[in-house]
Amino acid sequence: MIELWFVILCFMLTMFAVLEGWDFGGGAVHLFVARTPAERREVIAAIGPLWSWHEVWLVGAGGTFMVAFPRAMATAFSGYYMALWLALWSFVLRGISIEVGGHLRDPLWQRFWDVVFAAANVLLAIIFGAALGNVIRGVPMDEGGRFSLALFTDFGVRGQVGILDWYTLLVALETLLILGAHGATYLTLKSSGPVHDRSRSMAGRLWLVAALVFPLVTYGTWAVRPDMFIHLLERPPGWVALAAIVAGAVAVFTGYRRRRESRTLAGSVLLIVGLLAATGVGVFPVLLHSTLSDRFSMTAGQAASGGTGLGLAIIWWPIALVLALVYFTFIAWQFRGKVRPSDDNQGYS
Amino acid sequence: MDDPTLWHRLQFAFTIVYHYLFPQLTMGLGWFIVYWKWRAWRKGDERSAEAARYWAKIFGLTFAMGVVTGLPMEFQFGTNWAEFTKFSGGVIGQTLAMESMFAFLLESALVGALVWGEKRLGPRNHFIAALGVAAGSWISGYFIIVTNAFMQHPVGHATAADGTLYLGSLGEYLTNRWAIIQFAHNQCAALVTGSFVVAAAGAFYALRGQHAEQARLYLRQGTLVALVASVLVAFPTGDQQAKMVASHQGPTLAAMEGRFESGPMAEITLIGQPNIRERRLDNPIKVPGMLSFLAFGTFHSDVPGLDAFPADTWPSNIELLYYTFHVMAGLGTLFILIMGLAILQRLRGRLEHTRPLLWALMLAFPFPFIANTAGWMTAELGRQPWLIYGLFRTSQGASSVVGSGSVLFTLVGLAGLYFVLGLLYLFLVGHEVMKGPGTADEGPARYGERSGEESRHD
């Protein structure tokens, strides 16, 4: 049961990363790929109808984290108090900038919100990258199962660490690059004309840089958590995750070369899923790794809520998932294909 | 200053009160839009289609505010109330996760289609989108109210070996009697907010002599729903809610009424100030026997006062609880009066022409927001000193690793951010109201189209 809920939690976070990933990425690059207000509206219309649906996966992951592993959620969220609030404020700004930008037909107004939108997305991609780095690196949790993190200490990865160190910054940079490339790939599929062409070349450049940084991140992970690689090779799900990473990378490369835009995006999705799955397989069963001593780490078993609660939750969860996929299919079908500026206009025609 | 729990409480109270200003409007407005979309689809009624188009814009803005201010709520259980989460996350996490999975995924998938997709979807699918959004917002409300009802009147839980709670019975938890009554009361109150806002827009246009046809539609439908919903808020739902409080939260009822001493023929206080030090009400105007009747069904029932309970189970802020309860109940009564008057004028065929009444309707729309807020403050202050009634005290719940300074910092930051959001929201809604319904096709406001004129601005 604990393994199952760990998988469900990872699944929800992965859905969030893949779906919000293209919103973050698309938002982060949109000032570069769209030069006129009308082109920027096209980008926002590609993101607009579903950004809150994507964000719900994070809210859902929060709820799932709480119901399945309340002790880990409480310890982690209160330990990351300031960082989490910074992320939440960025979310507020990001959501608002999408919604209000189009309400006033004023170039200065729209420019302002476009820049807020881009900045909030860049910040969020970095924050989530740093969060992923923190999950891998661990937190300075003591014997009492408590910790509180400074923004940074000596940038080392052992002992009294801070949120930012050389490793988490490296992961944050790679996350920004991959999500930027992922978002630009998504925009290539959804847009036409100059936005399409610029998105394509932006995606190509970002994928290239991301591929160059990737070995560095892998080496860093090896240096910080060698046990993750051992887990990954020992456990069959780890092989699947590694295969997904390789297959995703190949599909991105060939799809991009042959201008098969759907294949590139599928590859990009597969790559992100594979990377996150590999992280999940690698860290399990530890949810909060202590940088002070392995003995202080909190495992999923220790963090899980007791009794029959999780058994009851597994009854309703699959039903909700099926329903969610039904709505998603309905909406994705309605908004299929390229953005049509004259139709996708928030009622402001 | 040194007690972090106070700052944690203030931050949660501030963020939840602010957040709930928006969902109460969307939950109320949603069904108006569903009705108008239905008329537009089945009857081809262009007037209703126009109304739906106009209100969908305001709905979209309000919904977005609800989303961005709601996201922090979910995370605050972990950031600010870590001990509470450790103790009861296995129970309340269920409904918080269900809310996302069953309600938010529905609402947020379709709200984009409602706001962005009239042309792409066509009348039938656009109606389905409106229906899904309205239903989703109510389902989400139910899960949140089940969570709150558990804190008010815990059922369906069991205690694990380590002392924390887990869910014992999903059915019992989801059908908590408290939740059902509270949901009915709260959703009627949301309809009051929605309908007052619709009626106020109608009154505004009628007074300005603009959009006569739309103004009449908003006025008539708004006042009718407002009267029905205002009556339902008081009776039976409010009445049942009071009976639940009377039977499960004795000290709360006594504090709400400022009743310090027990006894039969309990009076209800219309006006008066509680004086905690002297343990009495100053300057009261009372109706004898009424509280006995409302709480237990006969005028002679014995209603316990605060003296019947140990002082450490008394709500921690009796004055505020007393005032918020009286503000809610007083406003609720006034709502029935003003909407009753409006319906009377409508039956006489003079609703659109009675200018003083139109002024009153136009200026009345903020008061349901105040009444809803006061009602929730009554529920939450009345629950004190417990976080989960009878099981877990508020003083045990806050995060132990987060100090007063950190919470004060985020509280001040949130106040600033939310102030700016509020200005932005009022400015944009004001802008839409001034543009009015049916004017979107006029002027140069083509959004998202590549026109030469737009590119020049860059």
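How many C-beta neighbours does M265(B) have inside 10 Å, and does M265(B) count as buried, partly exposed or exposed? M265(B) has 16 such neighbours and therefore counts as partly exposed. The scale behind that label calls a residue buried if 20 or more other C-beta atoms, placed from the backbone, lie within 10 Å of its own, exposed if 12 or fewer, and partly exposed in between.

A word on conventions. This is a predicted model, in which local features need pLDDT of at least 70 and side-chain atom pairs count only at pLDDT 80 or more, while totals for chains, interfaces and linings use all residues. Residues are numbered from 1 along each chain as its sequence is written, and chains are lettered from A in the order in which they are written.

**Backbone geometry**

Most residues other than glycine have a negative phi, and most peptide bonds are trans.

| Site | Feature | Value |
|---|---|---|
| H211(B) | positive phi | near 40 degrees |
| M265(B) | positive phi | about 50 degrees |
| F284(A) to P285(A) | cis peptide bond, omega | near 5 degrees |
| Q384(B) to P385(B) | cis peptide bond, omega | about 5 degrees |

For locating them, helices (H or I, at least four residues) and strands (E, at least two) are DSSP runs numbered from the N terminus. M265(B) is in the loop between α8 (250-256) and β3 (268-275) of chain B. H211(B) sits in the loop between α6 (177-208) and α7 (212-248) of chain B, and H211(B) counts as buried because it has 21 C-beta neighbours inside 10 Å. In chain A, P285(A) belongs to the loop between α11 (261-283) and β1 (286-288). P385(B) lies in the loop between α12 (366-383) and β5 (386-388) of chain B.

**Nonpolar cores**

A nonpolar core is a set of buried Ala, Val, Leu, Ile, Met, Phe, Trp, Tyr and Cys residues joined through C-beta atoms within 7 Å. The largest one has 248 residues, and L9(A), I33(B), W55(B), L110(B) and A200(B) touch the most other members. Helix α3 (residues 82-116) of chain B gives this core its largest share, 21 residues. Another core, of 25 residues, lies apart from it and includes A242(B) and W376(B).

**Between the chains**

Two residues are in contact if their C-beta atoms, placed from the backbone, lie within 7 Å. By that rule, 73 residues of chain A are in contact with 81 residues of chain B.
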